[in-house]
Every structure is written in C-alpha cells, then in structure tokens.
Amino acid sequence: MRTTPSPAEELNVALALLISDNSRPGSVDLANTLASLMNLETIPPVFCAPGALQDESVVDAATFQAHHLRDPTTGEVGCALAHRSAYERFLQSGHSWCLIFEDDAQILDFELLHGRIHEYERLCQVSNPVVINLNQNAQPQRVTIGIRDVHGLRRSYVPSLQTTAYAINAAAARLFVEVQTPIRNQADWPATAREVSFFIDTHSGVRENLELGSTIDAKDGRVRVRGARKLQSWSALWYVRKRRHFHGFRHYWEAMLKPRIYWHINALLVRAWQR
C-alpha cells in the first residue's frame, strides 16, 4: 500500500494539458518535466487546410473579421481549435481548474512554478471565469494592479497577450468553448460578452521560447489591416457596420476599444521605462 503522496498529489494539480505532437525542439523534454510533477495529458495540435476557412461549421469568418479587422489565417484557426480541444478535455475531466501549456513554453525555474501552484488554485476556485497567464513576459504589465500578499501576481483589466502557458477554471473554459464554436477569435483570447478575470504572473518562472519561432503564420502570413478600417474601429463606424457580430456597444467597447487603449498605454509606458 502506497502511503506517500505522489508529486502531483502534493501539488494538488488536478490536470495539466500540453498542446504538442512532440515534434518541436525541446517539446519532449518539456513534456517529461511537466509529467514528473503534474498529472499531464497531451492535446494534439490542429493543422487546417485553406478550405477550412470557408467551412462555416469550423470558423465564423465574418465575426473573426469584425473582431480583428481582417480575415483569419489557417494557423490562427488551427491554434484556436487546439485550445478549444484542451478546454473540452478539461471540462470532461470534471476538475474545477487546470494548467494548459503550448510546446514553446520554457520553464526557467520549476521550483518557482511549483511554489505558486496553490495561488493559482486559490484564484481559480470561484464561480466566475478566471484566466491566469503564466508567461512572465505577457503584456500588458504596466497597466495592471498587484494582488495583495502575492508578489508578482497582477490583475489585468484587459485580456493579456499570448497563450504560452496559463491556468484556467471551468467557468472560463465553458465560456470559451461556447464562444469558439465555431471559431470566432484568436486563441488569445475569445471576446466574450461576460466578464473574464485576467491575471498575469510576472514571477512564474515560465516564458515563451522565442528561439523556436511561431508556427501559427508559418505558411500564410496575416494580412495587414488597412488604415481605413483602423480609423473606422476607433470612430465606432466599424461597430455600426458590424454590430450584428457584437452583443451591443458595451461588448464592442470591452472586446475592441478598451483592450487597444490599454495596450497602447502599456507600450508607451514600456518605452518610457526603457529610456
């Protein structure tokens, strides 16, 4: 009879999911590292053919364009489908929260990450949707509010960029599956009419491995957004034209205008800090 709890039980990590097919450099080592201390399952990546962009059961291209001012790429849709599969697997497990990693995640300090697991669990044990971005370089960081008694963990009032590694609770997963069936947004993050609490852990010991490069737009680069569309989006004329893709102007503000304002302010503060 085993009396000593396993490392995963000690960590109390209900589930960790890794989106990977083990083909990228370092992905096998990442999987082995995660599996040594977590209950790990892998989710295969999704690679879309160009024809999938015309399949309305796969992607709502009109809503994607309304939210991003341009058409989706096959890489973006495949990435979003893979994350949706991770959410569905998580919800099938019956757990209340989980960790999700992409295979370009780089764990710089596993002991540091280990020590913060219980804080993630505490934040996720609520009924409202919660996402904690574990990429310590995720933005925006300069326009966030620190969490009392947890050094480095900050509340972001707009979605943080990148899905390299994050904790998510069941309420957020259910909401994202609903919004992303079919795909209507990039994986980071689905624009929802319901409020999602976003956090960034700037001391997680996890970051994106930039040496690997992105696989999302490797074959079909994103189309440059025309200046006229940008002006329309700021003037709200875009909302008038595309209002059927939003749940009222408040949704448009939360999904389009507010994040862009925060990201621009963050970029200005970052540049000022670097001088």
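This is a predicted model: local features need pLDDT of at least 70, side-chain atom pairs count only at pLDDT 80 or more; totals for chains, interfaces and linings use all residues.
View 1. Although L69 is not a glycine, its phi is positive, about 70°. Is L69 buried or exposed? The relative accessible area of L69 is 7%, and the cut-off for buried is under 20%, so L69 counts as buried.

View 2. Q65 belongs to helix α3. With a relative accessible area of 14%, Q65 is buried. Which side chains does the side chain of Q65 meet in polar contacts? One partner is D71, at 3.3 Å. Another is K242, at 3.0 Å. Leaving aside residues up to four places away in sequence, Q65 touches R70, D71, R229, W238 and K242. Keep R229 in mind, as this residue returns in the next view as one of the buried residues of α7.

**View 3. Helix α7 has a buried face.** Helix α7 covers residues 227-235, and its buried residues are R229, Q232 and S233. Why can we say that they line one face of the helix? Looking down the axis of α7, you would find these buried residues within an arc of 100°, so they share one face. What do the buried residues of α7 pack against? Their packing partners are α3, α8 (237-242) and α9.

**View 4. N266 reaches the backbone of Q141 and R142.** Now move to helix α9, which spans residues 249-274 and includes N266. N266 has 5% relative accessibility and so counts as buried. What does the side chain of N266 reach? A polar atom of this side chain lies 3.0 Å from the backbone nitrogen of Q141. The side chain of N266 also reaches the backbone nitrogen of R142, at 2.7 Å. Not counting residues up to four places away in sequence, the residues that N266 touches are Q139, P140, Q141, R142 and V143.

**View 5. The second largest pocket is lined by 16 residues.** Of these lining residues, V179, R184, A191, H247 and H251 lie nearest the centre of the pocket. Two elements, α3 (61-68) and α6 (170-179), each give two or more residues to the lining. Which element gives the largest share? That is α6, with three residues. Sorted by class, the lining holds five nonpolar, seven polar and four charged residues. The volume of this pocket is about 230 Å³.

View 6. The lining is made up of A80, H83, R84, Y87, Q180, A187 and P190. By class, the lining of the largest cavity divides into four nonpolar residues, two polar and one charged. How many cavities of 30 Å³ or more does the structure hold? There is one. The volume of the largest cavity is about 40 Å³.

**View 7. The loop between α6 and β9 includes P182 and W189.** P182 is found in the loop between α6 and β9 (197-201). The peptide bond that runs from T181 to P182 is cis, and its omega is near 0°. W189 also lies in the loop between α6 and β9. A cis peptide bond joins D188 to W189, with omega about -10°.

**View 8. N22 has a positive phi.** N22 is placed in the loop between β1 (16-19) and α2 (27-37). Its phi is near 65°, a positive value in a residue other than glycine.

Notes: Residues are numbered from 1 along each chain as its sequence is written. Side-chain values use heavy atoms; hydrogens and water are left out. On a 1 Å grid over the protein atoms alone, a cavity is a set of points where a 1.4 Å probe fits but cannot get out, and a pocket is an open set with protein on both sides within 12 Å along at least five of seven lines; lining residues have an atom within 4 Å of a point. Grid points are joined across faces, edges and corners, and a volume is the space filled by probe spheres set on the points. Helices (H or I, at least four residues) and strands (E, at least two) are DSSP runs, numbered from the N terminus. Ala, Val, Leu, Ile, Met, Phe, Trp, Tyr, Cys and Pro count as nonpolar, Asp, Glu, Lys and Arg as charged, and the others, Gly among them, as polar. Buried means under 20% relative accessible area, exposed over 50%, partly exposed in between (1.4 Å probe, protein chains only). A polar contact is a pair of N or O atoms within 3.5 Å; within protein, one must be able to donate a hydrogen and the other to accept it, and residues adjacent in sequence count only if both atoms are side-chain atoms. Contact means heavy atoms within 4.5 Å. The arc is that of the directions from the helix axis to the C-beta atoms.
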